[in-house]
Amino acid sequence: MELECGNLILRPITLEDTDNILTWRNKPSVKKFFIHQKDISRKEHINWMKTKVDTGDVIQFIIIEKQNAHPIGSVYLQNIDLLNKKAEFGIFIGEDHLTSRGFGAAAAECMIKYAFDKMELHKLYLRVYEDNSRAISSYLKAGFKKEAVLKDDVYIDGKYRNIVLMGVLNSK
């Protein structure tokens, strides 16, 4: 099922998206914002698709810019907990020249609406580096609120980094 979101379309990820995902996800400008910093291989991505996406453990969409039908990134829900009606939100814009144009916030708003209206979840949460002010600003614009700071939570490139936990609640 495709989701129309203003100037974006979110469509379910397929194996045909593998080359784009690998290019985007392994790009240093994207990878540096992930807690998992290691490059992912084609085999790992295909395994993700088979064990997570195909089973419904992860809901993942490709973000398409409507104007030129060009894929620009991905948005997903993982760690879906139907008992507690919550999931972890994730997103990345893989095309460097299209960052800071509001596409991330728009895709996040669309995914929030999908999670709350279609999946009937109560909460979405995310983890973001405390020094990633651009992402935090985008998440705030989409409706997420800061909930906590986890001090020295991850050790990357020889230093500890703080993680901000953010969440958004379904008001219905």
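**Strand pairing, in context**

The chain has 5 helices and 8 strands (DSSP runs numbered from the N terminus: H or I of at least four residues for helices, E of at least two for strands). Bear in mind that this is a predicted model, where local features need pLDDT of at least 70 and side-chain atom pairs count only at pLDDT 80 or more, while totals for chains, interfaces and linings use all residues. Residues are numbered from 1 along each chain as its sequence is written, and side-chain values use heavy atoms, with hydrogens and water left out.

Along the principal axes, the C-alpha atoms fill a box of roughly 40 × 40 × 35 Å.

The 8 strands make an open sheet with mixed pairing, in the order 1-2-3-4-5-6-8-7 (strands pair if DSSP finds at least two bridges between them). Strand 1 (3-5) and strand 7 (145-156) sit at the edges with a single partner strand each, so one side of each has no neighbour in the sheet. From one strand to the next, the twist averages 25°.

Let's start with strand 3 (residues 59-65), which runs antiparallel to strand 4 (residues 70-81), with 7 bridges joining them. Here Gln-60 has Tyr-76 of strand 4 as its bridge partner. Helix 1 (residues 18-25) lies across strand 3, strand 4 and strand 5 (86-93), at about 85° to strand 4 (axes are lines fitted to C-alpha atoms, for helices over the stretch in contact, and angles run from 0 to 180 degrees between N-to-C directions; contact means heavy atoms within 4.5 Å).

Next, strand 8 (residues 159-169). It pairs with strand 6 (residues 123-129) in the antiparallel sense over 7 bridges, and Val-128 stands opposite Val-164 of strand 8. Strand 8 also runs antiparallel to strand 7, with 8 bridges joining those two, and there Val-154 stands opposite Arg-161. The hairpin of strand 7 and strand 8 has 2 residues between the strands, and Asp-157 takes a positive phi near 50° in it.

What about the packing? The largest nonpolar core has 35 residues, and Leu-10, Ile-63, Leu-77, Phe-89, Leu-124, Tyr-139 and Phe-144 touch the most other members (a core is a set of buried Ala, Val, Leu, Ile, Met, Phe, Trp, Tyr and Cys residues joined through side-chain atoms within 4.5 Å; buried means under 20% relative accessible area, exposed over 50%, partly exposed in between, with a 1.4 Å probe and protein chains only). Helix 4 (residues 103-118) gives the most to this core, with 9 residues. Apart from it lies another core of 15 residues, including Ile-13, Ile-40, Met-49 and Ile-64. Across the chain, buried residues make up 46% of the 172 residues. Among contacts between residues at least 6 apart in sequence, 56% join residues at least 24 apart.
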